[in-house]
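Please look over the sequence and the structure shown here before reading the notes that come after them.

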Amino acid sequence: MPNLNTRGALSIRNVTKIYDPEGVNVMAVKDCSMEIAAGEVCMIVGPSGCGKTTLLNAIAGFHSITSGEILLDGELLCGPGKPKADQGAERMVVFQHGALFPWKTLAQNVAYGPRVQGRSSKAEAMEKARDMLAEAGLGNVTEKYPGEVSSGMSRRAEIVRALINDPKVLLLDEPYRAMDALTKSIMHESLLETYDRTKVTIFFIIHDLEEAIFLGDKVHIVTTRPCQLKKTVEVNIPRPRSYQTQSSEEFRHLMEEVNEAVHEEAIKAFQAGERELA
Amino acid sequence: MSQATTAAPQRTTAPTGFSMFIYRLKKSLLTPDPYLTVFGVALWLFTWWLLCEGLRVDRFDKIPGPVAVFSELFSRTPFQGISIFKSEYYEHILVSCQRILIAFGIATGVGVPLGLFMGWSKRIRDYAFPILEMLRPIPILAWVPLSILMFPGFEAPVIFLATLASLFVTTLNTMLGVDSIDEAYFRAAGCLGSSNWDIFKNVVVPGALPFIFTGLQISIGVAWFSLVAAEMVSGDLGLGYLIVDSYMNNVTVPMVIGMITLGFVGWITSVMVRMLGNWLMQWHVKALALQGR
């Protein structure tokens with residue numbers, strides 16, 4: 001299926017990140033390069049604590065990088081002379097443990113971005129927020145606080161909060177990790193549906209290999225710390241995909257391929273036994 | 001089957017206002033809690049009576065018992081001058097409450113912003129925190145001579161002393177409140193395109209609010225006991241003055257009345273702070289309620 005999206009191409013070129021906690025240098029990412037095309041769903045798979053989140057933090061502008069460069073649509077986000085990217089609404093993060101503001105209702109949360117960016121008035125932003133929440137099936141809980149709705153609903157609202165800003169890239173750091181399998185499958189379906197509608201570039205850190213293949217256009221397998229690209233597996237299963245896809249021959253074949261690469265790294269990571277970096 | 005569904009109508013919406021109050025009252029009367037409270041108070045009063053009036057234990061016989069105190073408190077012609085029918089009683093309460101209002105107001109007005117900025121900006125914390133930490137352990141009574149030298153009259157030193165203790169508590173709790181905010185909220189706010197001021201308004205302040213109100217509840221208690229200490233040293237009216245003045249004049253019943261009144265009024269102010277906090281933090285109250293707390 002041709003992808004007509006032209007925005008949101010990420011280039012990660014020779015990125016190295018050295019942490020310096022308590023005087024000991026720890027190399028989290030080493031000479032890591034990845035090309036992510038505009039509108040691609042790119043899954044990042046690797047052992048726990050290998051530096052995937054470090055990479056995401058660098059793209060989002062939460063952390064600096066030591067060397068290398070990251071570009072978005074040809075524009076430099078961070079690189080030589082500018083170690084830390086500016087945070088901006090064209091790169092929206094959906095956090096591991098969820099970061100909807102608990103003191104704002106779902107509608108207020110979603111309306112927050114357009115409001116502080118000065119893109120629309122408060123009333124307009126709230127109206128659009130309610131519309132978008134309703135579109136995502138959250139129409140009857142718009143005035144509830146995140147603490148009052150299920151975790152599935154609040155994650156979905158968080159994605160809506162990201163999308164209302166019309167981002168180029170959606171950065172997801174295992175947002176569905178703590179969910180039960182049933183809720184998770186619903187979340188994945190709704191993410192795919194969102195993707196089909198918006199064609200936003202997705203950078204998705206994930207642990208579950210099956211899910212990675214099910215969701216992604218490409219699965220990037222990275223090595224254990226220091227994080228480096230080990231292998232890229234292309235998933236050529238046409239969209240829209242359904243859960244039947246998972247029992248196909250092609251799927252199983254891909255699964256084997258990914259599994260082999262990841263397993264090797266998992267063993268290395270386990271033997272190194274290093275503590276995960278934040 | 002059909003019987004079961006028609007028998008008990010299910011409540012689908014939460015009751016509001018007065019009916020909510022009745023609902024909660026009914027529910028709480030079905031639990032042992034209110035009875036335990038009544039029993040606890042009764043037991044405490046009985047022990048007090050037994051020591052002072054029943055058995056007249058040595059040394060306790062000098063202390064007025066509950067019968068003496070409450071008959072004096074509700075007497076139209078109190079033997080030792082203080083009862084609920086005397087205007088002086090209310091004057092003492094009013095004066096202390098006014099001082100608390102001013103002191104707590106200043107402490108909150110200064111302490112909360114100071115704590116917020118100290119929690120939010122490392123630079124401000126570096127400036128202010130060591131000084132705060134050094135001043136904090138100095139007991140209020142040690143400040144008495146300085147405060148009398150620094151401020152004119154009776155009123156200003158008393159209010160200064162009550163403000164001081166309460167200020168430290170409020171500032172520290174507010175600062176810790178900002179520290180307690182999950183980094184992810186700051187990052188999310190940054191991603192969404194917030195300016196620093198937006199982050200302050202939408203993340204720092206609401207995120208610290210639960211801690212701020214915990215701090216304010218402690219701080220109003222601290223304000224009361226430092227106020228009383230101050231009134232004992234300097235002052236011409238107020239509950240602290242009543243207590244120490246009664247002792248000096250060897251009238252023990254008003255002294256105990258002063259203590260009980262102080263406890264009661266202090267409790268009410270603390271409840272008011274808590275109610276204000278719950279009203280401001282609907283999100284927090286609702287989340288806790290869903291956890292069954």
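The points below concern a predicted model and are grouped by topic.

**A helix pair in chain A**
- Helix α2 (residues 106–116) of chain A packs against helix α3 (residues 122–135) of chain A at an angle of about 125 degrees, and their axes lie 8 Å apart.
- Because angles over 145 degrees count as roughly antiparallel and 65 to 115 as roughly perpendicular, α2(A) and α3(A) are oblique to each other, and their crossing is right-handed.
- On the α2(A) side the contact is made by Leu106(A), Ala107(A), Val110(A), Ala111(A), Pro114(A) and Arg115(A), while the residues of α3(A) that take part include Ala125(A), Met126(A), Ala129(A) and Leu133(A).
- Sorted by class, this contact of α2(A) with α3(A) holds 10 nonpolar and four charged residues, with no polar ones.

**Where chains A and B meet**
- The contact draws 17 residues from chain B and 21 residues from chain A.
- On the side of chain B that touches chain A, α9 (183–191), α10 (196–233) and α13 (282–290) each supply at least two residues, and the largest share, six residues, comes from α9(B).
- That side of chain B comprises nine nonpolar, five polar and three charged residues.

**Helix α12 of chain B**
- Helix α12 (residues 252–280) of chain B has 29 residues and reaches 43 Å from its first C-alpha to its last, which is close to the 42 Å expected at 1.5 Å a residue.
- Among the buried residues of α12(B) are Val253(B), Met255(B), Ile257(B), Leu262(B) and Val273(B), and what covers the buried residues of this helix includes α4 (66–73), α5 (87–120), α10 and α11 (239–248) of chain B.

Notes. Residues are numbered from 1 along each chain as its sequence is written. Chains are lettered from A and ligands numbered from 1 in the order in which they are written. This is a predicted model: local features need pLDDT of at least 70, side-chain atom pairs count only at pLDDT 80 or more; totals for chains, interfaces and linings use all residues. Axes are lines fitted to C-alpha atoms, for helices over the stretch in contact, and angles run from 0 to 180 degrees between N-to-C directions. Helices (H or I, at least four residues) and strands (E, at least two) are DSSP runs, numbered from the N terminus. Angles under 35 degrees count as roughly parallel, over 145 as roughly antiparallel, 65 to 115 as roughly perpendicular and the rest as oblique. A crossing is left-handed if the near helix is turned anticlockwise from the far one by less than a right angle, and right-handed if clockwise. Two residues are in contact if their C-beta atoms, placed from the backbone, lie within 7 Å. Ala, Val, Leu, Ile, Met, Phe, Trp, Tyr, Cys and Pro count as nonpolar, Asp, Glu, Lys and Arg as charged, and the others, Gly among them, as polar. The expected span of a helix is 1.5 Å times one less than its number of residues. A residue is buried if 20 or more other C-beta atoms lie within 10 Å of its own, exposed if 12 or fewer, and partly exposed in between; C-beta atoms are placed from the backbone.
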